[in-house]
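Hi,

Here is the model I promised to pass on.

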Amino acid sequence: MINQATTRTGRLKANYKYLPELAFRKRRSFFCTEKTGFLYKEVDSGGMPAMMDPTSQLGMLKKNAATGITTMLLLTWVGHFCSGFILARVPFPLTQKFRSMLQRGVELNALDVTYVSSSSLYFLALFGMNGVLNLVMGDRKESLSNLAMPQMAPGGKNLEKIMSSERENLELIDYKFALEQVEDYFINT
């Protein structure tokens, strides 16, 4: 929750000049009003860090196990059914230095370098299929970042200092609308 608030205040500080004055003042009052503002709320900085929480560790273990199992299954399938075969051709020319990387298991020196063996195709498919794996197994990057990020800010930093600095930075902004003369600029050019 604090990470989201600091992200929102950072966006407001970076882009306030494109908001109308009333919209900017409402957003700043949401964060900086003396007793009801979001950045004045009491925050519990105690508790267990995310890396020490057993439930988050179990979640990370499940995600890593699922990724490892799918990787092993895909490698076994490719190795069993396609061992020693040429399966694909890369649509662009390559130098001879790529031969050992792309033609593992096939010992033909006369074969063009652009042909790819099954084990090399596995690695190409593994990196190319991340989108499909994310669809099947859920978005792994987002869930892993949600597990890893909470310990970054609350764990070692004082949340009161973070919130007070964000509050001060928002209060110090001298508002000036950047698009005030934009109509005249486009009409005259």
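Below is what turned up, from the overall fold down to single residues.

This is a predicted model, so local features need pLDDT of at least 70 and side-chain atom pairs count only at pLDDT 80 or more, while totals for chains, interfaces and linings use all residues. Numbering starts from 1 along each chain as its sequence is written, and side-chain values use heavy atoms, with hydrogens and water left out.

**Fold.** The chain has 10 helices and two strands (DSSP runs numbered from the N terminus: H or I of at least four residues for helices, E of at least two for strands). In sequence order the pattern reads α-α-α-β-α-β-α-α-α-α-α-α.

Of the 189 residues, 24% are buried (under 20% relative accessible area; exposed is over 50%, partly exposed in between; 1.4 Å probe, protein chains only). Beyond its neighbours within four places in sequence, L170 is in contact with T9, L12, K13, R28, F31, C32 and L39 (contact: heavy atoms within 4.5 Å).

**Surface.** V136 sits in helix α6 (residues 130–137). V136 counts as exposed because its relative accessibility is 67%.

Cheers
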